[in-house]
2 protein chains.
Amino acid sequence: MNDWRSLCAARKAAQAASIPEAWRVTLPPETLLDVRSVTEDCQLLSQRELEIIDLGTRDVSALARLLADKDSGYTSFDVTTAYLKSALVAHQVTNCLTEIFVERALDRAKEVDKYMAEHGKPIGALHGLPISLKDQFDMKGLETIMGYACNIGKFADNDCVLVEILYELGAVPFVRTNVPQTLMWGETSNNVFGRTTNPYNRKLTPGGSSGGEGALLAMRGSPLGVGTDIDGSLRIPSAFCGLYTIRPSYERLPYHGASNTLMGQESISSVLGPMSTSISALKLFTKAIIDARPWDRDPLAVRKVWNEKEYELVDHGGGEHMCFAIMWDNKVVKPHPPLKRAMEIVKEALEKEGHQVIDWEPLNHIDIYKNAQTILVADGGEDYRRSCAASGEPLITSMSPDTDPHPIDLEVPLVKTLVGSPRNRTAWELWQLHTEKRALRKAYLDHWNATKTKTSTGRPVDAIISPAVAYTAVPHGLNYDSFYTTLGNAMDYACAVFPVTSVDPTLDVPLPPHDFHNHEDEAFYKLYHPDVFPGVPVGLQLHGRTLEEEAVIAMVEVVDAAIKKHLV
Amino acid sequence: MNDWRSLCAARKAAQAASIPEAWRVTLPPETLLDVRSVTEDCQLLSQRELEIIDLGTRDVSALARLLADKDSGYTSFDVTTAYLKSALVAHQVTNCLTEIFVERALDRAKEVDKYMAEHGKPIGALHGLPISLKDQFDMKGLETIMGYACNIGKFADNDCVLVEILYELGAVPFVRTNVPQTLMWGETSNNVFGRTTNPYNRKLTPGGSSGGEGALLAMRGSPLGVGTDIDGSLRIPSAFCGLYTIRPSYERLPYHGASNTLMGQESISSVLGPMSTSISALKLFTKAIIDARPWDRDPLAVRKVWNEKEYELVDHGGGEHMCFAIMWDNKVVKPHPPLKRAMEIVKEALEKEGHQVIDWEPLNHIDIYKNAQTILVADGGEDYRRSCAASGEPLITSMSPDTDPHPIDLEVPLVKTLVGSPRNRTAWELWQLHTEKRALRKAYLDHWNATKTKTSTGRPVDAIISPAVAYTAVPHGLNYDSFYTTLGNAMDYACAVFPVTSVDPTLDVPLPPHDFHNHEDEAFYKLYHPDVFPGVPVGLQLHGRTLEEEAVIAMVEVVDAAIKKHLV
């Protein structure tokens, strides 16, 4: 039965065969690292198709409005075709997809167009819009392989709740995207579909676990993707690929019926959220899904209607004269120079807009990290072992490439030192971790509230701005920490990522060595060299309070507008 | 160190000593079973004090309005004095209190009155109102003994978040109330303070674990109490003592800083809620606490403002022509005749008001019960063992009295057959229970939604009405099941209890034997005899959806008004 290799090879071959002959492109040489121009250069897309994906890339809401207008001349069929082509180009150069179902997607687009022709109005808020989905969101009749060989040949009996809602809103799910085995890596590689690369530089990782989405979106292969995040999986690829995302609070958006690893682990719940090159995706998607009342079909979804007042920043002085705190260094890993510059850009832009910007004092980050990571392996790896055993495939223990690995590697990442060897803990031990987590959440909340004395607004700081990762996209195999993202998962803060700039070797010069926080901090310090990273995106993260998605989206819009206004 | 007995005896003696000499009453003979008239008969309370507690018993909101009006002639000092006296009478006949702090309560009342005198306006929505608290809600400087000898002498360093908020709203916490050891019994007895009895019949239990509140409130010893509920602990004593309560959804109200057993068990969270003889307590308390934005200080509290539209039943046709489903029998334990009659009363009253009433089909109740009970003992009793070991006191394994136990007893309650011997499960096993629970919640949700085809409203049934317990208050030691309450905790439904009638031996005649669902059903069938229960309250339960507290309160008001209008 040890034929997992042949199973995987056959599945990969079937995937390749599902790309229409006419849409196969001449692959650029492997030495071409930045492959973003291939979409245009390969000449598969017509001028109009390029215009469509260009619009979707800039402003997905504008594209959605055109799709919702029967007289706009935009049909779902045209838009879906354009995106299918660009997605398949993206896949051929970055290996970002899992499920490819061209015919089914086009049939759905035609159905949507037919509805519009017959009724003269859109089906719903996402009428005709192609949406890509991480390889966790079950679609009836398709496999949800999710990075495990054991899932090959298992076809879903039902759509997950998210997909049900997407259909009811008129959307066109059109591709599914790659993930790492276990979903618990900040990179994207598995034994079935292989490794996904970063379109800005294929020697670098797009991040993970929603890395297929990251690469696809950075290639303009989708106007809006849906990923998930249990420890940074929306935010890491968004930061590494120049995207916007929001990590909503536990259960704000409906996860029911989606596949997952660590099923039943509810101490730190995985959440789903939108990813896009377009900031308008955040409100468009989040509001549309919440307006569909997910709690009526997902028993865990929070019954909380979209609160337009919170979006108007009623709890944040109406958005005028807010106070932001910047976390320059979380005292675990010091950010690389491009991140520091990005924070300086944001600080200056916000101040020019009349907002106050103060420094954030990190609190207990190592304790929070240790608690969260211990919870995430509280089963001692039982879940992973069972999923691997089901097919015989081995557990992947490193994201480093077998050939040509990066010379710098870290034998013992800090997380291993902190958590120790995973073991199957008892329920009672898990309960003690919950008690500790609650105390850590309370301490951070009180700490945040105490900033009231430091602001000129009469309120605690409105949001905390920090890196999403201490560095920009790194070479494959080197992204083993989530020190800047775990905070949001453990505290359950609504948090968003937004692009700020890109690495500029002339500006982002190495800093002199600092007093290293730990051995990993030192290793990452040594990793930084501006020549490794030129041109890759630099994103930051904004943390709001728990279940404050509306305000977080609005605050990211404020920050983004300020950056765009003041960044010449 | 095996001096837990003397520790407990000393603590109990200290409690007795804390009752002011002038407020000690001549105890009625033990043969007096219904002790409710003692409050008046003992002549400790003046006529005006009796009028105050009478008003608070009927309508706590009316009392709160008078306290908030500087010209009403009602001071917090007078009201608190009246309630302190009645609470201490209640305690002397039912043993319902733990912490007694007369001076501190009166000082607080004076402080509140002083504020009113100085500012001419109330401190907050609960200005001057005495509020009793279950012995879990930490108050700075007091012990939170919570039924365990090991907590004697441990004085709280802080108020819990609820108490912080109560103070900010102007309330006067004035007594704390008794609980069972472990908090996991539907009765109320522990080694420190002993057993609490039911004021309607001291041979019967007031229920538990918020049974001290149940007895106190039934004695008119408090206008509003706060209890908790992890498996029925608000609803069982409310049903047994003729009270209103609401069990809110997980984390809707702030639990942070309160003491608890099974700390860190977050699969089925304990929740807090109001208990009262007055229906107006439900909205008064719930809205006041939510309006105080508990999420600003409890990291787990749900950020969801009080939604007046939901209270106006916007999701339930504005409250006109609703459809209720009645669960006549959950197919686990068939309700006793008085419960059946109560449901008939409610059905008739609602139909007379123009509402539709249909039958509820139970679904998977045994599976839900088994899953939930297995989760609640997933630590194999480790938490209880540690708490007992800390003082040397033994774990209480039965609520049966040592002397004069009821002749009917059940050697093996159904729960033991279902769950088996508790053992310390692994985290991975617990995750599997979560996955099963989620599936059970989804199935129940779909089942509920499917009733849309059976109603004339175009909606699924608006609420499910059932017993809270299959029987009325039973003799001490016999309440070992929670078959009708676990549903709400496991599904996380907002659910309320309301009184309907009282047992009438002439109407509530035994039914012929039915086809028994199981051995426990048979035992409870045999237990019923109208002479055991004459005059005790008969309450029912209303289940709404998760996080639908506002609508549940409004629907209970609709049901209550219908009963009062049509019950001659």
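Predicted model: local features only at pLDDT ≥ 70, side-chain atom pairs only at ≥ 80, totals over all residues.
**The annotated site in chain A**

- Lys134(A) belongs to strand β2, which runs over residues 130–134 of chain A.
- Buried or exposed: which is Lys134(A)? Lys134(A) is buried, its relative accessible area being 0%.
- The side chains of Lys134(A) and Ser209(A) are joined by a polar contact of 2.6 Å.
- Leaving aside neighbours within four places in sequence, Lys134(A) is in contact with both of the other annotated residues, Ser209(A) and Ser233(A).
- Other contacts of Lys134(A) on that basis include Arg176(A), Thr177(A), Glu213(A), Val226(A), Gly227(A) and Thr228(A).
- Ser209(A), with residues up to four places away not counted, touches Lys134(A) and Ser233(A), and its partners also include Asn178(A), Pro180(A), Trp185(A), Glu187(A) and Thr188(A).
- Val179(A) and Leu183(A) turn up in both contact lists, that of Lys134(A) and that of Ser209(A).

**Around α7, in both chains**

- In chain A, Ala171(A) is found in the loop between α7 (161–168) and β3 (172–177).
- Ala171(A) is buried, with 0% relative accessible area.
- Ala171(A) and Gly128(A) are 43 residues apart along the chain, but their C-alpha atoms are separated by 5.1 Å.
- Gly128(A) is also among the contacts of Ala171(A) beyond four places in sequence, together with Arg108(A), Leu126(A), Leu129(A), Ile131(A) and Leu166(A).
- Over in chain B, helix α7 (residues 161–168) has Val161(B), Leu162(B), Val163(B), Ile165(B) and Leu166(B) buried.
- What covers the buried residues of α7(B)? The cover includes α16 (427–449) of chain A, and from chain B it includes α6 (102–119), β2 (130–134), β6 (225–229), β8 (271–276) and α10 (280–291).
- Just after α7(B) comes Gly170(B), with a positive phi of about 95°.

**The nonpolar core**

- The largest nonpolar core has 347 residues, and Phe498(A) and Phe498(B) touch the most other members.
- Setting aside neighbours within four places in sequence, Phe498(B) has contacts that include Leu243(B), Tyr244(B), Val346(B), Ile465(B), Leu540(B), Leu542(B), Val556(B), Val559(B) and Ile563(B).
- Gly539(B) and Gln541(B) are also among the contacts of Phe498(B).

- Chain A splits into domain 1 (4–22 + 33–308) and domain 2 (316–566).
- The C-alpha centres of domain 1 and domain 2 of chain A lie 24 Å apart.
- Across the boundary in chain A, 62 residues of domain 1 are in contact with 69 residues of domain 2.
- About 5200 Å² is buried between domain 1 and domain 2 of chain A, with carbon and sulfur atoms giving 60% of that area.
- In domain 1 of chain A, Trp185(A), Arg235(A) and Phe240(A) lose the most area to domain 2, together 12% of what that side buries.
- Trp185(A) links back to the annotated site, as one of the residues that Ser209(A) touches.

Note on methods. Residues numbered from 1 in each chain as written. Chains lettered and ligands numbered in written order. Heavy atoms only, no water. Helix = DSSP H or I, 4+ residues; strand = E, 2+ residues; numbered from the N terminus. Buried < 20%, exposed > 50% of the residue type's maximum accessible area, 1.4 Å probe, protein only. Contact = heavy atoms within 4.5 Å. Polar contact = N/O pair within 3.5 Å; in protein donor to acceptor, adjacent residues only side chain to side chain. Core = buried A, V, L, I, M, F, W, Y, C linked by side-chain atoms within 4.5 Å. Domains from an automatic or database assignment. Buried area = accessible area lost by both parts, 1.4 Å probe.
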